[in-house]
Amino acid sequence: MLYDDNITLWGIDKTHDESKQGEALYYEYEDQGFRKFYIESYGCAMNFSDSEIVASILSSQNYMPTRNVEEADLILINTCSVREKAEDTVRKRLQVFNSVKDKRPDVLVGVLGCMAERLKTKLLEEEKIVDLVVGPDAYRDLPNLIAKVDEGGKGVNVLLSREETYADISPLRLDSNGIVGFISIMRGCDNMCSFCVVPFTRGRERSRDPYSIVAEATDLYNRGFRDITLLGQNVDSYNWKNKEESEQVNFAQLLERVALIHPDLRVRFSTSHPKDITDEVLYTMAKYENICKYIHLPVQSGNSRILKLMNRTYDRAWYKNRVDAIYRIMPDCAISSDMIAGFCSETEEEHQDTLSMMEYVQYSMSYMFFYSVRPGTLAAKKLEDDVPLEVKKRRLQEIVELQNKISLDVNLKDIGKVFKVLIEGNSKRSDEEFKGRNSQNKMINFPKKEGLSPGDYTWVKVTDATSASLRGEIVDTPTAV
Ligand code: SAM
Ligand code: SF4
Ligand code: F3S
């Protein structure tokens, strides 16, 4: 899948649907004359998850969501700063929202998320294009900030917190199909990958109380959800301790607790960090059928010198060792990745190492980017962005072409296999067909059968494959892979 720098959803179901990026999130509500908010989201799964927290906070304060920006009293855009182009997209949308404000000056426009955190008051004071600027840890303050703006004051809160996890807030599942859900298990990131802006926009890493995670997952299961993804920038470093430090829960233990809620509840997670993923996690995955056999394990580069410059704290040999462990413990596990082409000083030979790593791992899919220097990061301060843009783009194209070939190869190997599939809805192509994913996170389209509906599991034999998806037909015998 090509992510040409402005499409930036990874590791979650919405990645299969690029049209979701920037789409207004919505939830059916009865009109009770409340003020209406419109919210548009960009960036990673955690940002989408945060928009659901924001929606929940606003709904408890007599706001109701609308899908129609023209009728909104409050327009919110939850933003991403990970690459320059992600920010450019937001600026373009802000121009559109300002034209709404020209027609209806009472409308408030607010920037949430990572760009709010990175640019702080700049958007409000220098550029004068918004009324509210709210960082990722300040959403509880939103109603108060709106009231301040209503009274003629400034609506800014970009304080980062060491504790906030929004554990007690039950997210309003916007635009959910009622089957697939996402649960944030931690916030922030303590890694300092030299290219990455996230530690600056999201603050210090903190793990959410496992009891609140299990309660939220149980509630989703009881409401009919069957596939949940536990979200964090580096889930393998999840490590919760109670106040007295007498109880501690690591990621493998959390996974087990969530898997035990019900065998029909599929559990996924994203993102894993190659330096932190443990054999304990892999054995826990192998032990429970409902923990999906799919790991998003971004390599970024296949070359050890570049990985060192990226401050990823693992090298090529370490990464291969983790991949070997995954395939040894779970031979049917699919692995996907993120790759950055043309990082500072990368040579042709080093780029070839990324290609050979892709061949080695046989990724089922990847999110692929060319390097975009981000102000304030270690790389921006210490390294020269010296690979010419045409070279970055050409290397990215080579990576994309190789990934397409590998995806097709691995998908063709699935022909003839039978998979347990969770039906998610009608296929994009036809109402006569269902779509659903297997444990390995591959989308399979297949003709419907009477008696089955979204949320049910069925067995599907794969009959055809492209690089992006599989086709199949329902079979009775559960001789699944
Ligand atoms: N936490 C995850 C990890 O460590 O793999 C990834 C989080 S990051 C928000 C998502 C992806 O964006 C990264 O894996 C990386 O490939 C890409 N990315 C981050 N900063 C970038 C930059 N400055 N230029 C290009 N791609 C970047
Ligand atoms: Fe960014 Fe690295 Fe943290 Fe991922 S692990 S969010 S790439 S700093
Ligand atoms: Fe973007 Fe922030 Fe996520 S920078 S990738 S929205 S953590």
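In which loop is the place of valine 235? Valine 235 belongs to the loop between β11 (227–231) and β12 (239–241), where helices (H or I, at least four residues) and strands (E, at least two) are DSSP runs numbered from the N terminus. The model is a predicted one, in which local features need pLDDT of at least 70 and side-chain atom pairs count only at pLDDT 80 or more, while totals for chains, interfaces and linings use all residues. Residues are numbered from 1 along each chain as its sequence is written, chains are lettered from A and ligands numbered from 1 in the order in which they are written, and side-chain values use heavy atoms, with hydrogens and water left out.

Valine 235 is buried, its relative accessible area being 0%; buried means under 20% relative accessible area, exposed over 50%, and partly exposed in between, with a 1.4 Å probe and protein chains only. From valine 235 to glycine 302 there are 67 residues in sequence and 22 Å in space, C-alpha to C-alpha. Methionine 358, found in helix α12 (residues 348–361), is likewise buried, with a relative accessible area of 0%, and it stands 103 residues from leucine 255 in sequence and 28 Å from it in space, C-alpha to C-alpha.

Rings of Phe, Tyr and Trp (its six-membered ring) pair if their centres lie within 6.5 Å, and planes under 30 degrees apart count as stacked, over 60 as edge-to-face and the rest as tilted. By this rule the count comes to 8 aromatic pairs. In one of them, the rings of tyrosine 38 and phenylalanine 97 have centres 6.1 Å apart and planes at 75°, so this pair is edge-to-face. It links distant parts of the chain, since tyrosine 38 lies in strand β2 (residues 35–41) and phenylalanine 97 in helix α2 (residues 84–103), 59 residues apart. Both tyrosine 38 and phenylalanine 97 are buried. Elsewhere, ring pairs join Phe195, Phe343 and Tyr371 into a cluster.

Phe195 is also one of the residues around ligand 2, together with Cys189, Asn191, Cys193, Cys196, Val198, Pro199, Gln233, His273 and Arg312; a residue is near a molecule if one of its heavy atoms lies within 4 Å of it. By class, this shell holds 6 nonpolar, 3 polar and 1 charged residues, where Ala, Val, Leu, Ile, Met, Phe, Trp, Tyr, Cys and Pro count as nonpolar, Asp, Glu, Lys and Arg as charged, and the others, Gly among them, as polar.

Charges meet rings as well. The charged end of lysine 320 sits over the ring of tyrosine 360, 4.5 Å from its centre, and that of lysine 420 sits over the ring of tyrosine 457, 4.6 Å from its centre, the rule being that NZ of Lys or CZ of Arg is within 6 Å of the ring centre and within 35 degrees of the ring normal.

The backbone has some points to note. Most residues other than glycine have a negative phi, and most peptide bonds are trans. Serine 270 and threonine 271, however, are joined by a cis peptide bond with omega of about 10°, and threonine 271 has its place in the loop between β14 (266–270) and α9 (279–287). Tyrosine 166, although not a glycine, has a positive phi of about 55°; it is found in the loop between β7 (155–157) and β8 (180–184) and counts as buried at 1% relative accessibility. Asparagine 441, also not a glycine, has a positive phi of about 70°, lies in the loop between β19 (433–437) and β20 (443–447), and is buried with a relative accessible area of 7%.
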